[in-house]
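Trainee: Please take me through this structure one point at a time, and keep each answer to what can be checked.

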Amino acid sequence: MQVPKSRIPFCPACGSPTKLAVPDGDEKMRAVCSSCGRVHYENPKMVVGCLVEHDNKVLLCRRKIEPAYGLWTLPAGYLEVGESAAEGASRETLEEACADVEIVSPFAQLDIPLIGQ
């Protein structure tokens with residue numbers, strides 16, 4: 001079994017080192033501050049986007065940042081707190097491609113736990 005490693009080496013609250021431990025009432029290893037005792041949770045990032053079809057063509061965007069700089073992708077990005085998946089997908093499509101879209105239906109759900117998405 002692989003030993004878990006925290007991606008939170010220091011406490012965002014006080015700056016002290018964290019240690020991996022199972023907090024009381026929990027069942028998973030978490031980053032726990034060695035000084036103030038605060039528990040830090042690592043949650044996956046929700047990425048949302050749109051598959052836009054217009055006149056039998058698909059809208060693509062060329063990435064301007066890493067990872068995958070220069071490659072083509074669907075307009076997409078991280079979901080913001082307080083948004084529904086549809087709201088986030090519409091906002092990201094507007095931001096990334098200046099396209100105002102109407103969400104017709106969900107197309108796909110992809111799970112990529114290895115990278116936390």
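Trainee: How many Å lie between the backbone nitrogen of Glu80 and a polar atom of the side chain of Glu83?

Mentor: The model is predicted: local features need pLDDT of at least 70, side-chain atom pairs count only at pLDDT 80 or more, and totals for chains, interfaces and linings use all residues. Residues are numbered from 1 along each chain as its sequence is written, and side-chain values use heavy atoms, with hydrogens and water left out. For the pair you ask about, the distance is 2.9 Å.

Trainee: Where does Glu83 lie?

Mentor: Helices (H or I, at least four residues) and strands (E, at least two) are DSSP runs, numbered from the N terminus. On that basis Glu83 lies in the loop between β9 (76-78) and α1 (85-97).

Trainee: Which residues does Glu83 contact, leaving aside neighbours within four places in sequence?

Mentor: Contact here means heavy atoms within 4.5 Å. With those neighbours set aside, the partners of Glu83 are Gly88 and Arg91.

Trainee: Which residue forms a salt bridge with Glu83?

Mentor: A salt bridge needs a side-chain nitrogen of Lys or Arg within 4 Å of a carboxyl oxygen of Asp or Glu. For Glu83, the closest N and O atoms of the pair are 2.5 Å apart. The two side chains also make a polar contact (N or O atoms within 3.5 Å; within protein, one must be able to donate a hydrogen and the other to accept it, and residues adjacent in sequence count only if both atoms are side-chain atoms). The partner is Arg91.

Trainee: Is Arg91 buried or exposed?

Mentor: Buried means under 20% relative accessible area, exposed over 50%, and partly exposed in between (1.4 Å probe, protein chains only). Because its relative accessible area is 19%, Arg91 is buried.

Trainee: Which residues do salt bridges that share partners join into one network?

Mentor: Besides the bridge to Glu83, Arg91 meets the side chain of Glu92 in a salt bridge (2.9 Å, N to O). Glu92 is buried, as is Arg91. The network consists of Glu83, Arg91, Glu92 and Glu95.

Trainee: How many salt bridges does a search of the whole structure find?

Mentor: Arg7 and Glu42 make one of them, with the closest N and O atoms 3.0 Å apart. Arg7 is in the segment before β1 (18-21) and Glu42 is in the loop between β3 (39-40) and β4 (47-49), so this pair ties together parts that are 35 residues apart in sequence. Arg7 is exposed at 63% relative accessibility, whereas Glu42 is partly exposed at 32%. The number found in the whole structure is five.

Trainee: In which order do the strands of the open sheet run?

Mentor: Two strands pair if DSSP finds at least two bridges between them. β2 (residues 30-33) is joined to β3 by two bridges, and Ala31 stands opposite His40. The pairing is antiparallel, in the order β1-β2-β3.

Trainee: Which strands stand at the edges?

Mentor: Each edge strand has a single partner, so one side of each is left without a neighbour in the sheet. These strands are β1 and β3.

Trainee: Which residues point the other way from Arg30 and Val32 in β2?

Mentor: Arg30 and Val32 point one way from the strand, and all four residues concerned are buried. Pointing the other way are Ala31 and Cys33.

Trainee: Which residues make up the largest nonpolar core?

Mentor: A nonpolar core is a set of buried Ala, Val, Leu, Ile, Met, Phe, Trp, Tyr and Cys residues joined through side-chain atoms within 4.5 Å. Not counting residues up to four places away in sequence, Cys50 touches several residues, including Ala89 and Val101. The largest core has six residues: Val48, Cys50, Val52, Ala89, Ala99 and Val101.

Trainee: Which residue does a cis peptide bond join to Glu66?

Mentor: Omega at this bond is about -5°. The residue lies in the loop between β7 (61-62) and β8 (72-73), and is Pro67.

Trainee: What phi does Ala68 have?

Mentor: Ala68 is also found in the loop between β7 and β8 and is partly exposed, with a relative accessible area of 32%. Although Ala68 is not a glycine, phi is positive, at about 65°.

Trainee: How many Å separate the centres of domain 1 and domain 2?

Mentor: The bounds, from an automatic or database domain assignment, are 6-42 for domain 1 and 47-103 for domain 2. Taken over C-alpha atoms, the separation of the centres is 34 Å.
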